[in-house]
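Dear colleague,

Please find below the structure I promised to pass on to you. My notes on what was found in it follow directly after.

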Amino acid sequence: MGYVIGSFNTLKMSLQSNKDSKKDFVNIARIIKQERFDVVALQEVMNEMVLKSKILPALGPDWDGKWLSPTPFTSASNEGYAFIWNTKRLRLVNEPVIYQRVSSGVGYGRLIRPPMVARFTPSGLLGGSNFELRLINTHIIFGKPSSLERTLSDHELRREELKVLSETVYRLFSSNRYGDNMPAYTILMGD
């Protein structure tokens, strides 16, 4: 049995999105259902209310979601993350968190926006779950905020963030072992 995992940058999705940027929440939900996604990582969800009052109701009762703000170094502090998932297919193991083990800020070895991480297992299996999905929802900086040091180009800054995400965050999160030590599959996703 396979699982379909997706990731979308929703470009400043808020309660005003329908009129301001022509976001159609019903159409977004239709695409998620049509493509049979089991879990979707979203970036640039501006607040929890848009998730709870627009996206989840459009998806229906079999869907749940969690929103968090990464509290980044830059002014994009309300560009939050979300995970939405089909509760008939997956269950959340514990509350998602912003992964703060890597320092935020400027320079090499740091992230502008720390990622949101979550752990899922299959729903409804007799005898319990047999594996775990560990998802890392990322939002790498695009362009160069004026507040950052001038020694890094835009390209170098993105490359450095990807290096930190893949070599530090991914390795730390994927190597954790929890109670029943079941097989775990870690996926780095986002934009």
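A residue is called buried here when its relative accessible area is under 20%, exposed when it is over 50%, and partly exposed in between, with a 1.4 Å probe and protein chains only. By that rule E44 is buried, since its relative accessible area is 8%.

Before the rest, two remarks on provenance. This is a predicted model, in which local features need pLDDT of at least 70 and side-chain atom pairs count only at pLDDT 80 or more, while totals for chains, interfaces and linings use all residues. Residues are numbered from 1 along each chain as its sequence is written, and side-chain values use heavy atoms, with hydrogens and water left out.

Overall architecture. The protein chain has four helices and nine strands, where helices (H or I, at least four residues) and strands (E, at least two) are DSSP runs numbered from the N terminus. Read along the sequence, these elements follow the pattern β-α-α-β-α-β-β-β-β-β-β-α-β. Of the 191 residues of the protein chain, 46% count as buried. The chain exposes about 9700 Å², of which carbon and sulfur atoms supply 52%; accessible areas come from the Shrake-Rupley method with a 1.4 Å probe, and for residues only the protein chains shown count as cover. If contact is taken to mean heavy atoms within 4.5 Å, then among contacts between residues at least 6 apart in sequence, 69% join residues at least 24 apart.

Backbone points to check. E44, in strand β2 (residues 39-45), has a positive phi of about 65 degrees although it is not a glycine. L11 likewise is not a glycine and has a positive phi, of about 50 degrees; L11 lies in strand β1 and, at 54% relative accessibility, counts as exposed.

The helix pair α2 and α3. The axes of helix α2 (residues 25-34) and helix α3 (residues 48-59) come within 8 Å and cross at roughly 50 degrees, the axes being lines fitted to C-alpha atoms over the stretch in contact, with angles running from 0 to 180 degrees between N-to-C directions. The two helices are therefore oblique to each other, given that angles under 35 degrees count as roughly parallel, over 145 as roughly antiparallel, 65 to 115 as roughly perpendicular and the rest as oblique. On the α2 side F25, V26, I28, A29, I32 and K33 meet V50, K54, I55, A58 and L59 of α3. The residues of this contact divide into nine nonpolar, no polar and two charged, where Ala, Val, Leu, Ile, Met, Phe, Trp, Tyr, Cys and Pro count as nonpolar, Asp, Glu, Lys and Arg as charged, and the others, Gly among them, as polar. S14, in the loop between β1 (5-13) and α1 (17-20), touches F25, M46 and V50, not counting residues up to four places away in sequence, and at 13% relative accessibility S14 counts as buried.

L188 is found in strand β9 (residues 184-190) and is partly exposed, with a relative accessible area of 30%. Leaving aside neighbours within four places in sequence, L188 is in contact with I136, T138, L162, L165, S166 and Y170. Y170, in helix α4 (residues 154-175), is partly exposed at 28% relative accessibility, and Y170 and I187 are 17 residues apart in sequence and 8.0 Å apart in space, C-alpha to C-alpha.
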